[in-house]
Amino acid sequence: MCPFRSSLPTVRTSAFIDISYKITKKVIGFMELERFFSEQVKAMRSSEIRDLLKITEGREVISLAGGLPDPSTFPREDIKKIAEDIMDKNWERALQYTATGGVEEFKKQLISLSSLRGISKIREENLFVTVGSQEALYMLANLLIDPGDQVAVEMPTYLAALNAMRLRKPNFLGVELTEEGANLDQLEERAKKTRGKLKLFYTIPTAQNPGGVTMGLEGRKRLLEIASDYDFLVVEDDAYGFLVFDGDAPPSLKALDTEGRVIYTSTFSKILAPGFRLGWVVAEPEVISKLEMMKQNVDLHTPSFTQYIAAEAIRRGVIQSNFPKVRAIYKRKRDVMLDSLEAHFPKSASWSRPKGGMFVFAKVSEKLDTGILLEEALRKGVAYVPGASFYHDFSGRNTMRLNFSFPPEEKLREGIRILGDLLKEKL
Ligand SMILES: Cc1ncc(COP(=O)(O)O)c(C=O)c1O
């Protein structure tokens, strides 16, 4: 028997713990609580990425699964200095409750940061600060989607956004990705079929997660024309807009929006540090004021302290001057991953060649199911995210998302070699 077998957790571990927990509870006479949970909770799905991170915790597994930034990109010394200065000079406000929509100084700086994505002519009333962009996505889903609403999503798309939207029970309409971003003919066809009922399109047009593709300027203009013709909203997730390392990033959709149709969201997780949990929304004041009302019920406001630090990091140019370093690190790691895929993956596989972001999306032979293969990959010491979780209909069973931002270069090479050997063995 494999010496690791008994100690190595598998993807079934949490289910096993669940069952034994239930039995133990029964034995010691504790009551069953599940029946008290709301209907909404029943629709909740645990994020497979989070589960995976738990499985790989403290083990010698090369994780190509998560989406963690490379810690060497965190401007640690600058953050230290800024935090110290704030504690000396502005501590009373930084440690106090603040406005629900965000700290005024921070919003002023967000206007200047957003301008780097082409977004101009916005004022503080167009901005809303959130606890990471995940909170923005969750709140937008609650603000905009009623059960049964028609919502278009890319195939594949960001699974935590999908999961947040799933709670609202929409009717998802899938739009395939091409090398140029979402297939716009298909989007138009979907919109036409709903006869004016398509409510919104959630899209990640720049360095898409997980697809790794970026929509060009012409595509962006056409997307907005379609949205206008068929009168639906566009939720633009620009998490990687500052992280394009081959050439210049096209302007955000919001920058091209002349109708107030685009609700934009972005994050400090990839350009400063995810531990700050800072994201922001740019939208029309009607949307912002509803978000404000909603956030009062959720967490009152985003932590003041991190907002003051981030505001100062923009004001001092720390974030802006860090961009070239971050982009260079990820470009090099992207190249290592692409070279390794070329060297080790079977010829039947194909993969994206991202110009930015943190992920490569690979498609393997139709004969293989990457969900089933994962257990064996973990046993061999490498983790990835099976692609099905990025599809609203759980298709894409022969796809996988591979992260290149976090593992050191030698681990990227080794991880891809192990995975390539496993794939070849299975063919
Ligand atoms: C496309 C996309 N949107 C949103 C997020 C959420 O990021 P955060 O909540 O850290 O801002 C992520 C995180 O990986 C992402 O990839």
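Predicted model: local features only at pLDDT ≥ 70, side-chain atom pairs only at ≥ 80, totals over all residues.

Visitor: Why is the contact between E104 and K107 called a salt bridge?

Guide: The term requires a side-chain nitrogen of Lys or Arg within 4 Å of a carboxyl oxygen of Asp or Glu. The N to O distance between E104 and K107 is given as 4.0 Å, and the pair counts as a salt bridge. A search of the whole structure finds 33 salt bridges.

Visitor: What makes K107 buried or exposed?

Guide: Buried means under 20% relative accessible area, exposed over 50%, and partly exposed in between, with a 1.4 Å probe and protein chains only. K107 has 7% relative accessibility and therefore counts as buried, whereas E104, at 38%, is partly exposed. Both residues lie in helix α6 (residues 104–115), three residues apart, which is about one turn of the helix; helices here are DSSP runs of H or I with at least four residues, strands are runs of E with at least two, and both are numbered from the N terminus.

Visitor: Where do K221 and E218 lie, and how far apart are they along the helix?

Guide: K221 and E218 are in helix α10 (residues 217–230), and because they are three residues apart they are separated by about one helical turn. Their side chains meet in a salt bridge at 3.6 Å, N to O. K221 is partly exposed at 37%, and E218 is exposed at 57%.

Visitor: What does the pair R261 and D231 tie together?

Guide: The side chains of R261 and D231 form a salt bridge at 3.0 Å, N to O. R261 lies in the loop between α11 (253–256) and β8 (262–267) and D231 in the loop between α10 and β7 (233–237), so the pair ties together parts that are 30 residues apart in sequence. R261 is buried, with a relative accessible area of 13%, while D231 is exposed, with 54%.

Visitor: Which residues are linked in a network of salt bridges?

Guide: The network links K81, D85, E312, R315 and R316.

Visitor: How do you know where the annotated domain lies?

Guide: An unreviewed UniProt entry places the feature "domain: Aminotransferase class I/classII large" at residues 78–417; such annotations may be inferred rather than shown by experiment. Over residues 78–417 the chain is 44% helix and 17% strand.

Visitor: What makes β10 and β13 edge strands?

Guide: Two strands pair if DSSP finds at least two bridges between them. Four strands form an open antiparallel sheet in the order β10-β11-β14-β13, and β10 (350–351) and β13 (385–386) are its edges, as each pairs on one side only. Strands β11 (residues 359–363) and β14 (residues 399–403) pair over five bridges.

Visitor: Which residues of the second largest pocket are the closest to its centre?

Guide: A pocket is an open set of points on a 1 Å grid over the protein atoms alone, where a 1.4 Å probe fits, with protein on both sides within 12 Å along at least five of seven lines, and lining residues have an atom within 4 Å of a point. Of the 31 residues lining the second largest pocket, T178, E179, G211, V213 and S352 are the closest to its centre.

Definitions and conventions
Residues numbered from 1 in each chain as written. Heavy atoms only, no water.
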